[in-house]
Amino acid sequence: MTPTLTAASDIAAARLERIKPILACPTCRGDLTYATDAAMCAACDLQFPIRNGRIYFVDVPERSDELDRVKGFFKRLLGRYYHAIGINIVAPVYPFGYLRRVRRHLDPARQIVVDLGCGSHRIDDHMIGADIFDYDAVDVVCDLAALPFRSSGLDALVSVSVLEHVRDPKVVIAECKRCAKPGGLSMHLIPFLYPFHASPFDFHRYTHKGQEVLLDGWETVEQSNAAGPVTLMLICLIEFLSILLSFGHQKLKALINLMLCGLLFPIKFLDFPFVDRKSFMTLAPTIFIVGRKPAVRGPTP
Ligand SMILES: [Zn+2]
């Protein structure tokens with residue numbers, strides 16, 4: 001075993017031990033007890049398997065869409081490099097420094113931060129990955145609408161291009177509010193002007209005002225466009241050409257889309273002067289918001 005692998009598995013084991021005290025049954029929110037291969041709910045008798053250092057609170061669903069299947073294939077093939085190559089370089093969207101933004105408000109090594117819908121990418125070794133699919137970066141396999149965490153147990157919950165894919169983002173935000181400590185944070189990057197992209201589903205878009213309504217009851221700490229007008233034109237061009245050249249064939253469309261991304265991606269870097277500017281939120285492919293859960297004042301009712 002190489003020292004690198006030992007270090008990685010040690011960090012994974014430490015992460016699991018660190019979150020055990022704040023996990024709870026997603027069905028009844030009862031306390032969990034642990035064996036080496038399962039977590040058990042003392043209250044409702046449910047058992048949640050532990051395999052390869054991750055806890056399965058739900059069964060992993062089947063993948064359902066061509067582009068999603070192609071992306072899923074590359075995610076498994078490239079593992080942690082999928083994000084480095086696929087998202088940071090080849091994707092047609094300006095690379096927003098998400099980790100830098102998170103660290104502006106939080107220290108994941110000292111605070112408990114959950115990355116909702118993390119996929120195959122671990123933003124930070126100390127962050128807890130939660131997803132419905134069991135990618136390498138996932139510690140907790142769960143439904144984002146029924147989080148397996150104790151109430152007021154987390155310092156922050158973050159998500160990157162995830163809330164458009166859940167059936168009811170309000171329910172997920174309500175879960176964030178339940179799980180966040182008073183004064184805890186909720187940070188989300190959500191598309192506004194963006195073509196349909198299934199992963200595995202795509203349901204929602206939010207304007208900057210819509211985000212504030214979604215995070216109703218949270219104090220808005222920060223909000224800005226995470227990609228700009230160059231990205232917007234590039235993603236629309238790629239989607240337009242993929243539709244035009246694929247003649248309604250979904251698999252072909254997914255392949256043409258990936259090919260065009262590979263050819264045209266360098267254009268996205270021209271977005272540099274237009275990103276993180278409030279005036280461009282009205283023309284933003286994606287918007288980043290940081291909300292703070294109000295701290296409790298006076299005696300709890
Ligand atoms: Zn239970």
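Predicted model: local features only at pLDDT ≥ 70, side-chain atom pairs only at ≥ 80, totals over all residues.
Let's start with the whole chain. It holds eight helices and eleven strands. Along the principal axes, the C-alpha atoms fill a box of roughly 55 × 50 × 35 Å. Of the 301 residues, 38% are buried. Now the contacts. Take those between residues at least 6 apart in sequence: 68% of them join residues at least 24 apart.

Next, helix α5, residues 169-179. Which of its residues are buried? They are Pro-169, Val-172, Ile-173, Glu-175, Cys-176, Lys-177 and Cys-179. And what covers them? The cover includes strand β8 (154-160), strand β9 (180-191) and helix α6 (208-214).

Now a helix pair. Two packed helices are described by the angle and the distance between their axes. Here the pair is α7, residues 229-246, and α8, residues 250-264. Their axes come within 9 Å and cross at roughly 140°. That angle makes α7 oblique to α8. The crossing of α7 past α8 is right-handed.

Who makes the contact? From α7, it is Leu-234, Ile-238, Leu-241, Ser-242, Ile-243, Leu-245 and Ser-246. From α8, it is Leu-252, Lys-253, Ile-256, Asn-257, Leu-260, Cys-261 and Leu-264. Sort the contact residues by class, and you get ten nonpolar, three polar and one charged.

How values were computed: Residues numbered from 1 in each chain as written. Axes fitted to C-alpha atoms, helices over the stretch in contact; angles between N-to-C directions. Helix = DSSP H or I, 4+ residues; strand = E, 2+ residues; numbered from the N terminus. Parallel < 35°, antiparallel > 145°, perpendicular 65-115°, else oblique. Left-handed = near helix turned anticlockwise from the far one by under 90°. Contact = placed C-beta atoms within 7 Å. Nonpolar A, V, L, I, M, F, W, Y, C, P; charged D, E, K, R; others polar. Buried ≥ 20, exposed ≤ 12 C-beta atoms within 10 Å, placed from the backbone.
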